[in-house]
Amino acid sequence: MEITTTSPLTLAVIVASNREGRFGPVIADWFLAHATQHTDFATDVIDLGDPGNELPTALSYDPAPAVRDKLAGLSTRLAAADAFVVLTPEYNHSFPASIKNLIDWHYTEWQAKPVGFVSYGGISGGLRAVEQLRQVFAEMHAVTVRDTVSFHNARGHFDDEGRHKDPTAPDAAAKTMLDQLAWWGHALCDAKAVRPYGG
């Protein structure tokens, strides 16, 4: 029996930086212009720079009511996602605490779902942060796709209007990553429809 998904996948785009003066929203806008045009996806943006998405760093099995309210919204959105893109800078050869905190407050929401990465930073383009995040998401039973989108010395690639100055290569990279996410997203949704994931 062949089972295939036909409805769009829900793609949660997580903007990881919450740093003052962050460049992440510029890259997020650029990436969302590609993601929203991809016919396999309906997007949901989770911006960790939004105070409404800020979670305490002290994890708890019995969080305060205000934390429960935030978790109710975030957890529902993560659970509803069929795939994720983490848009991350690189700070001191690693990723921001904000994304690790979001990951650590959740578990089943990540399981058996694909994760792609858009990264930015200095000379490395944020790729060291991505390689570390791959290990974290493996522990969460998620599947990371191979191809990424990365920007070294990111501010120099965009004009004052947030447009990429030479978009051919990054546009192609975004399409490749989104296509891989779509394949894995549909494949995993189809598989879970036949047999629930046993993680």
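Glu90 is buried, with a relative accessible area of 14%; buried here stands for under 20% relative accessible area, exposed for over 50% and partly exposed for anything in between (1.4 Å probe, protein chains only). The model is a predicted one, so local features need pLDDT of at least 70 and side-chain atom pairs count only at pLDDT 80 or more, while totals for chains, interfaces and linings use all residues. Residues are numbered from 1 along each chain as its sequence is written, and side-chain values use heavy atoms, with hydrogens and water left out.

Back to Glu90, which sits in the loop between β3 and α3 (97–104). Helices (H or I, at least four residues) and strands (E, at least two) are DSSP runs, numbered from the N terminus. The Glu90 side chain makes two polar contacts: one of 2.8 Å with the side chain of Ser124, and one of 2.7 Å with the side chain of Arg128. A polar contact is a pair of N or O atoms within 3.5 Å; within protein, one must be able to donate a hydrogen and the other to accept it, and residues adjacent in sequence count only if both atoms are side-chain atoms. Leaving aside residues up to four places away in sequence, Glu90 touches Tyr120, Ser124, Gly126, Leu127, Arg128 and Ala129, contact being heavy atoms within 4.5 Å.

Ala129, Val130, Leu133, Arg134, Val136 and Phe137 are buried in α4, and the helix's buried residues pack against β3, α3, β4 and β5 (143–144). Just after α4 comes His141, with a positive phi of about 65°.

Positive phi turns up elsewhere too. Asn92, in the loop between β3 and α3, has phi near 50° and is exposed, at 78% relative accessible area. Ala112, in the loop between α3 and β4, has phi near 55° but is buried, at 5%. Most residues other than glycine have a negative phi.

As for the strands, β4 and β6 pair in the parallel sense over four bridges; pairing calls for at least two DSSP bridges between the strands. Gly121 stands opposite His152 in β6.
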